[in-house]
Every structure is written in structure tokens, then in C-alpha cells.
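This report covers part of a protein–DNA model. The sequence and structure come first.

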Amino acid sequence: MNYTQGLPADFFQQPTLQLAQSLLGCLLVKETAEGTASGFIVETEAYMGPEDRAAHSYNNRRTKRTEVMFGEAGLIYTYKMHTHTLVNVVSGPLEKPEAILIRAVEPYMGIDLMQKRRGTDNLKNLTSGPGKLTKALGITMEDYGHSFSAPPLVIVQGKIPDEVSSGARIGIDNTGEAKEYPWRFWVTNNPFVSRHRKGTSK
DNA sequence: AATCTGATATGCT
DNA sequence: GCATATCAGATTT
């Protein structure tokens with residue numbers, strides 16, 4: 001199978017919190033010289049720009065790193081955290097710095113390649129975290145600023161999750177009230193989510 | 001639960 | 001230039 005085109009632009013133009021849920025079950029595909037690897041998105045977190053203390057773009061902080069968040073929905077926002085690359089989907093209209101962090105995927109195609117890149121054959125440990133999935137899929141800063149609608153990194157239609165849960169986000173201590181906002185979404189009971197915390201299913 | 005790792009950008013001196 | 005902060009992960013206690 002070959003992916004020449006991702007989801008249409010209007011898919012990404014949903015309100016950010018809604019898009020974060022819509023992305024669950026979609027297939028994230030990365031094509032490289034080594035081969036194609038892909039996985040179903042099973043966990044996301046929304047970051048709501050100026051009003052969100054936890055967001056890089058809080059208070060419209062516009063820097064070289066956050067610049068792409070002010071662009072159009074459907075662009076790729078990658079950044080590095082320590083030794084790991086994390087990947088986000090830019091959301092919201094132009095000049096609204098909102099984004100959705102992809103926190104975990106369920107391995108689908110190219111599992112051999114992912115195992116090689118991660119140095120493990122434990123499926124549950126391949127892509128169950130934002131830094132892990134980028135390494136497994138081969139996502140790098142090279143992808144920064146590109147679109148999820150075109151190769152080599154695309155999001156295509158996948159399957160509809162059976163059930164979706166929501167709850168507080170992860171890793172954002174000391175950011176005041178924002179840390180309790182239920183802006184993390186995951187596929188209920190999916191074993192590939194990064195951390196199992198309590199949430200409410202819908 | 002604590003600690004190490006150490007990319008990138010920002011802010012201060 | 002140096003100090004600091006960041007949407008982690010792996011390893012060790």
C-alpha cells in the first residue's frame with residue numbers, strides 16, 4: 001500500500017478539542033528510505049495556545065520553536081525534549097497557536113523496522129510514549145513545518161475507536177489550574193497508551 | 001521514587 | 001557565554 005495523500009485540509013479545521021478526539025484511530029504513516037512504518041493514533045493531548053499555561057505558545061509566545069503553531073491547521077510541529085523528538089499536529093485557524101500532541105500509537109505496518117529502530121521486540125514498548133513513537137516511526141526535526149496531508153509524514157483515515165476516554169494531561173506540573181483540564185484523550189483500554197491514569201469514558 | 005541524559009531555545013549577565 | 005526550562009525515557013535504587 002502506498003500513501004500519496006493524507007486526510008483533507010478541512011479535517012484539520014475542526015475545533016482543537018474535537019480534532020484531538022477525531023485523530024484517535026487515524027493512521028500515522030512515515031515513509032523513509034528504509035521503508036514505511038505506521039501506527040494507529042491511540043493517545044493525544046490538546047494544547048490551547050494563549051490561554052493554556054502548559055502550552056509552549058502560552059500568552060502568544062512566538063519564537064522560532066513555536067512559529068509553526070501560528071500557521072494553518074494540519075502542519076507538523078516537532079520539537080526536541082532532552083534526547084527525544086515529540087510530534088504535534090497544528091490546529092486552530094491562522095494566528096491561533098493551538099496544537100495536539102500525539103502521545104502514543106498502536107504499531108501497524110513496518111513493525112520489523114520499528115523494532116530495529118527502538119532496539120526492542122516488545123510490541124508494547126515500541127510506540128507507547130511521545131518520544132518512543134517518533135523514534136519508531138523515524139520522525140525527526142526534518143518534518144517540522146511540513147503538512148500531514150502529504151508524504152513523507154501523513155495522517156490517513158484509520159478505524160473508529162470503540163470507546164474514548166479523557167482526563168488530565170501528563171508532565172505539566174507547576175502550571176497552575178491548567179494541569180487539571182481534561183484535555184488528554186485516549187482509546188479506552190488500549191494497551192499502547194503511554195500511561196494508564198484514571199479518566200472518564202464517553 | 002530518584003537520578004541521569006544532554007537537544008534546543010530563551011533570558012540574563 | 002552561562003544558567004535555566006522543557007508536553008521523556010531509561011536505568012538504577
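The model is a predicted one. Strand β8 spans residues 184-187, and both of its faces are covered. Arg 184 and Trp 186 are buried on one side, while Phe 185 and Val 187 are buried on the other. In a regular strand the side chains alternate between the two faces of the sheet.

Strand β8 pairs with strand β2 (residues 35-47) in the antiparallel sense through three bridges. One residue pair here is Glu 43 with Trp 186 of β8. Strand β7 (residues 164-167) also runs antiparallel to β8, joined to it by four bridges. In that pairing Val 164 has Val 187 as its bridge partner.

Strands β3 (residues 76-81) and β4 (residues 84-91) are antiparallel and share six bridges. Lys 80 lies opposite Thr 85 of β4. Two residues separate the strands of this hairpin, and His 82 has a positive phi near 50°.

Lys 80 and His 82 are also among the residues around DNA strand B, together with Arg 61, Thr 63, Lys 64, Arg 65 and Thr 83. Of the DNA strand B atoms within 4 Å of the protein, 62% belong to sugar or phosphate, and the rest to bases.

| Residue | Protein atom | Atom of DNA strand B | Distance |
|---|---|---|---|
| Thr 63 | polar side-chain atom | phosphate oxygen | 3.1 Å |
| Lys 64 | backbone N or O atom | phosphate oxygen | 3.2 Å |
| His 82 | polar backbone atom | sugar or linking oxygen | 3.0 Å |

Notes
Residues numbered from 1 in each chain as written. Chains lettered and ligands numbered in written order. Predicted model: local features only at pLDDT ≥ 70, side-chain atom pairs only at ≥ 80, totals over all residues. Heavy atoms only, no water. Buried < 20%, exposed > 50% of the residue type's maximum accessible area, 1.4 Å probe, protein only. Pairing = 2+ DSSP bridges. Near = heavy atom within 4 Å. Polar contact = N/O pair within 3.5 Å; in protein donor to acceptor, adjacent residues only side chain to side chain.
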